[in-house]
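Hi everyone, thanks for coming. Have a look at the model on the screen, and I'll walk you through it piece by piece.

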Amino acid sequence: MVKRYGDRVAVDGLDLDIRRGEIFALLGPNGAGKTTTVEVLEGHRTRDAGEVRVLGVDPARGGRRWKAQLGIVLQSGGGDSQLSVRELLQARAACYAGPLDPDEVLELVGLTERAGARGRTLSGGQRRRLDVALGIVGRPRLLFLDEPTTGFDPEARRQFWALLRSLRDLGTTMLLTTHYLDEAEALADRVGVLARGRLAEVAVPTALGGRGTAPAVVSWTEDGVRRTAETATPTAFVQQLAARFPGEVPGLTVARPTLEDVYLKMIGEHA
Ligand SMILES: Nc1ncnc2c1ncn2[C@@H]1O[C@H](COP(=O)(O)OP(=O)(O)OP(=O)(O)O)[C@@H](O)[C@H]1O
């Protein structure tokens, strides 16, 4: 898929398959083309070239029945309304042929106690939950989430992850964009890294950038100095190291590259 804005190529030959029932995280620096990609898939933007199918349909030609199978979690859709949380959700549910029960959705996103509150009196995290509730009440087969947990406190983020996992268990396919690599690691079945409108790599989070086979870094403190060594056989290395010390090896850690490490390296190479 190709998308240009004037002479600027925002998406440059993207080739991507998202599997039914998976959570796919699209990563990439600001301006990499994530939002543009998602908007083309949603049918909100036209593309300049390439073939795109979403639930078997070209988004440029998708009709109402196709649209009704998509859920889109926008950045704060209902937050400013005078309507109550329940009324907003009931109004949205009425747009669909086979919606979920609005009260069950409130329960699922943890907003039951705020059902009577006006949208604008919700906290930031509660608004985001409402955004998700609005996105899923139509029982979508495919859910798009654009940076869903921005502004969440750590506990709310964990709860939100659990919510997305339970949606996956119900069979919902999800495409999310995020700048939080821990979020991608915790949630995604696969991640794709976009850099300058091109896909640098698609992999399961534990294998991205050769992470699964990368050497381990062993660190310890010896004679008051912090030492590190890279090794493909950390177990043998630590055994030898342990033999040199009478008890515990001071400050011992064994680490593999984090998702953030490989991501930053990948982005650097594609800059
Ligand atoms: N409507 C537009 N008109 C012109 N250029 C645009 C438009 N929308 C996006 N762009 C450009 O296209 C490129 C990709 O933007 P896009 O918003 O898709 O990136 P992104 O990966 O979602 O970034 P972010 O992480 O900041 O949300 C950027 O260079 C951006 O300036």
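Helices (H or I, at least four residues) and strands (E, at least two) are themselves DSSP runs, numbered from the N terminus. With those words in hand, here is a pair to find on the screen: in strand 8, Val-193 has Glu-201 as its bridge partner.

A word on what you are looking at. This is a predicted model, where local features need pLDDT of at least 70 and side-chain atom pairs count only at pLDDT 80 or more, while totals for chains, interfaces and linings use all residues. Residues are numbered from 1 along each chain as its sequence is written.

Now the overall picture. The chain has 9 helices and 11 strands. Its C-alpha trace spans about 70 × 50 × 30 Å along the principal axes. Of the 271 residues in the chain, 32% are buried. Buried here says that 20 or more other C-beta atoms lie within 10 Å of the residue's own; exposed is 12 or fewer, partly exposed is in between, and the C-beta atoms are placed from the backbone.

Strand 7 (190-195) and strand 8 (198-203) run antiparallel and are joined by 5 bridges. They form a hairpin with 2 residues between them, and Arg-196 in the turn has a positive phi of about 50°.

Val-2 stands opposite Asp-12 in strand 2. Again 2 residues sit between the strands, and Gly-6 in the turn has a positive phi of about 65°.

Which residues other than glycine have a positive phi of about 50°? Leu-55 is one of them, in the loop between helix 1 and helix 2 (64-67). Asp-223 is another, in the loop between strand 9 and strand 10 (225-231). Leu-55 is partly exposed because 14 other C-beta atoms lie within 10 Å. Asp-223 counts as exposed because it has 6 C-beta neighbours inside 10 Å.

Next, the ligand. Which residues surround the ligand? They are Tyr-5, Arg-8, Ala-10, Gly-28, Asn-30, Gly-31, Ala-32, Gly-33, Lys-34, Thr-35 and Thr-36. A residue is near a molecule if its C-beta atom, placed from the backbone, lies within 6 Å of it. Strand 2 (8-12) and helix 1 (34-42) each supply at least two residues of this shell, and helix 1 gives the most, with 3 residues. By class, the shell has 3 nonpolar, 6 polar and 2 charged residues. For these classes, Ala, Val, Leu, Ile, Met, Phe, Trp, Tyr, Cys and Pro count as nonpolar, Asp, Glu, Lys and Arg as charged, and the others, Gly among them, as polar.

Let's zoom out to the domains. The assignment gives domain 1 (2-209) and domain 2 (210-269), with bounds that come from an automatic or database domain assignment. Their centres, taken over C-alpha atoms, are separated by 37 Å. The contact between them takes 14 residues from domain 1 and 10 residues from domain 2. Two residues are in contact if their C-beta atoms, placed from the backbone, lie within 7 Å.

Where does the domain 1 side come from? Helix 7 (181-187), strand 7 and strand 8 each supply at least two residues of it. Helix 7 has the largest share, 3 residues. By class, this side of domain 1 has 10 nonpolar, 2 polar and 2 charged residues.

One more stop, the inside. The largest nonpolar core has 52 residues, and Ala-25, Ala-133 and Met-174 touch the most other members. This core draws at least three residues from each of domain 1 and domain 2. By nonpolar core I mean a set of buried Ala, Val, Leu, Ile, Met, Phe, Trp, Tyr and Cys residues joined through C-beta atoms within 7 Å. Leaving aside neighbours within four places in sequence, Ala-133 is in contact with Leu-89, Val-105, Leu-106, Val-109 and Leu-111.

Finally, find Ala-207 in the loop between strand 8 and strand 9 (216-222). Ala-207 and Leu-259 are 52 residues apart in sequence and 9.0 Å apart in space, C-alpha to C-alpha.

Technical notes: Pairing = 2+ DSSP bridges.
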